[in-house]
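Dear colleague,

Please find below the structure I am handing over to you. My notes on what was found in it follow.

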Amino acid sequence: MKKVELTLNTTKKVAVIGGGAAGFFAAISCKTHHPEAQVFIIEKTSKLLAKVKISGGGRCNVTNGFEGISGFAKHYPRGEKQLKKAFGQFNSKDTIEWFENRGVALKTEPDGRMFPITDQSQTIINCLMQECKRLGIQIRTSSQVQEIVSHEDSIELVINGTKEIFQSVIIATGGQPKKEGFQWLKDLGHQIIEPVPSLFTFNMPKNPITKLMGLSVPNATVRIQGTKLEQSGPLLITHWGMSGPAVLKTSAWGARTLNELNYQFVAHMNWLGSSKDFEVKEQIDLVRQNSPKKLLKNLCPFELPQRFWEFQLNKCEVDLEKPWAEVSKKHINRLIEVLVNDQYPVSGKTTFKEEFVTAGGIDLAEVDFSSMQSRVVNNLYFAGEVLNIDGVTGGFNFQAAWTTGYIAGKHCLA
């Protein structure tokens with residue numbers, strides 16, 4: 001190891017480990033609140049803001065337009081209670097204002113997701129990079145933190161073989177797929193909650209429904225057999241199985257349960273949202289009464305895509321060319337069953353697009369969410385997915401990054 005003698009001087013130094021969304025926002029917040037400090041972003045790879053680049057299909061889902069702190073916090077399977085407190089300091093409205101004050105206007109889509117009006121994630125990257133440049137934040141890439149040692153009033157880092165002393169360190173290294181990735185933090189005395197995947201899609205190998213890939217059902221309810229898991233929303237059929245908000249929300253809330261099942265389970269689908277079988281029967285009876293001569297394939301009593309409707313009719317072995325008046329009671333009952341309680345074996349998962357989200361990380365009980373400071377190690381702070389926090393899809397994970405980064409940066413020299 002290169003030996004460098006370093007002594008504390010009057011200039012306060014802060015290291016932010018991790019060059020992602022939370023890391024950048026923490027560094028910017030620190031330099032904004034403590035302009036006298038030297039702030040460093042230390043990233044082990046050569047890439048910065050990689051997740052920002054790919055998120056939202058390259059558009060960057062910055063936050064969500066859902067209003068109200070309590071309601072917003074309910075979108076986090078892990079971290080709701082802590083984030084409800086944190087949002088009192090910095091929330092989605094603050095995020096919108098922060099970006100707009102720097103020339104980045106955001107737009108809200110019908111489902112609440114918010115994107116830059118340019119529809120380019122590079123817009124967000126440029127904004128963060130320019131702000132770092134304006135504030136004089138120093139960015140070091142290809143810089144590996146090999147050791148971290150806590151002292152009474154400082155923290156020593158060994159970076160690429162060189163020792164450096166910092167008054168405070170903010171850890172924003174993101175989620176890790178395996179517990180071993182958190183070993184260096186465990187060595188400091190922190191408890192690590194076992195990481196498991198969150199926000200994933202369902203694999204249904206060779207299931208006939210995959211022939212409908214690209215087709216979306218507007219409002220489906222997904223229920224996992226043998227569990228209490230149940231979520232609703234749009235559902236997308238893919239060439240490998242199923243995705244879309246209904247599936248992704250189920251995977252987030254059921255991250256640990258589905259991991260315990262080794263991603264082998266039966267998913268029950270109600271293709272009509274929360275409709276009960278007797279309600280569906282009433283609608284079918286009404287159609288048979290009012291349009292008895294209409295062919296089944298030409299008259300669907302529900303808001304379902306035509307191809308999907310025909311697929312379900314074939315599944316029930318009903319003649320598509322039959323008029324409604326001639327459909328047997330047996331086939332009516334079968335049709336009702338597949339509409340409100342369709343069953344699909346799931347075998348495995350696929351990461352949602354290229355976005356990697358985990359449940360797990362630093363135990364939240366060991367972090368003071370009024371400052372994001374560790375309760376275990378002095379002068380150590382946390383931000384982003386390194387914590388046992390994860391949200392459902394829709395901009396909630398980025399909002400957790402902005403919020404925790406802002407708070408950590410603000411308080412790290414308080």
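Helix 11 (residues 306-315) lies across strand 13, strand 14 and strand 17, and runs at about 95 degrees to strand 17. Contact here means heavy atoms within 4.5 Å; axes are lines fitted to C-alpha atoms, for helices over the stretch in contact, with angles from 0 to 180 degrees between N-to-C directions. Helices (H or I, at least four residues) and strands (E, at least two) are DSSP runs, numbered from the N terminus.

This is a predicted model, in which local features need pLDDT of at least 70 and side-chain atom pairs count only at pLDDT 80 or more, while totals for chains, interfaces and linings use all residues. Residues are numbered from 1 along each chain as its sequence is written, and side-chain values use heavy atoms, leaving out hydrogens and water.

The open sheet has seven strands in the order 17-16-13-14-15-12-18, with antiparallel pairing; two strands pair if DSSP finds at least two bridges between them. At its edges are strand 17 (342-347) and strand 18 (349-351), each pairing on one side only. Strand 16 (residues 264-270) is joined to strand 17 by six bridges, and V266 has P345 as its bridge partner in strand 17.

As for cysteines, the structure holds zero disulfides (pairs of cysteine sulfur atoms within 2.5 Å). The sulfur of C60 is 11 Å from the closest cysteine sulfur, in C127, which is too far for a bond. C60 is also buried (under 20% relative accessible area, with exposed over 50% and partly exposed in between; 1.4 Å probe, protein chains only), its value being 0%.

Yours sincerely
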